[in-house]
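Please open the model in a viewer and follow the selections below in order.

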Amino acid sequence: MYQTTLTREFSFHGVGLHCGRDISVVVSPAAENMGIVFARSDVKNSPYVRTTAFNVTSTQLATTISCGDFPISTIEHLLSALYGLGIDNAKISVEGAEIPILDGSSQPIAEMIKDAGITPQRAKRKYLK
């Protein structure tokens, strides 16, 4: 089985569940073997950080990762939509400290992924054994 990414970029915005602020998110295609990476677009020179267990900084009320010294929380609905649709590589830029909650499920994000399209890549998918 081969890796996949998005055919085209998509974006969404909404209110953060915990901060109550309007937040924008851009999800873009990514190169093979990049994985799912996050960056804070509201922070100058924010690095892209891979979503691994080593980058999780909190699981209290939401899953939080850190991009340098800056957190991004409530990532689980976005990640579950990407995983459920088999996306291996994507770049996610977040203009704020959390992913908007939307309707509280992964469905709206899954629909946006389907609309953006899924593109197969040439690299074989890697599996954790």
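Which are the buried residues of helix 1? Select L78, A81 and L82: these are the buried residues of helix 1, where buried means under 20% relative accessible area, exposed over 50% and partly exposed in between (1.4 Å probe, protein chains only). Helices (H or I, at least four residues) and strands (E, at least two) are DSSP runs, numbered from the N terminus. The three lie on the same side of helix 1, because they cover an arc of only 100° around the axis, taken from the directions from the helix axis to the C-beta atoms.

This is a predicted model, in which local features need pLDDT of at least 70 and side-chain atom pairs count only at pLDDT 80 or more, while totals for chains, interfaces and linings use all residues. Residues are numbered from 1 along each chain as its sequence is written, and side-chain values use heavy atoms, with hydrogens and water left out.

Next, display strand 3 (22-29), strand 4 (36-40), strand 9 and helix 2 (107-116), against which the buried residues of helix 1 pack. Then turn to the other side of helix 1, where Y83 and G84 are exposed. G86, with a positive phi near 75°, follows helix 1.

Move on to N89, in the loop between helix 1 (76-84) and strand 9 (90-95). N89 is buried, at a relative accessible area of 2%.

Methods:
Contact = heavy atoms within 4.5 Å.
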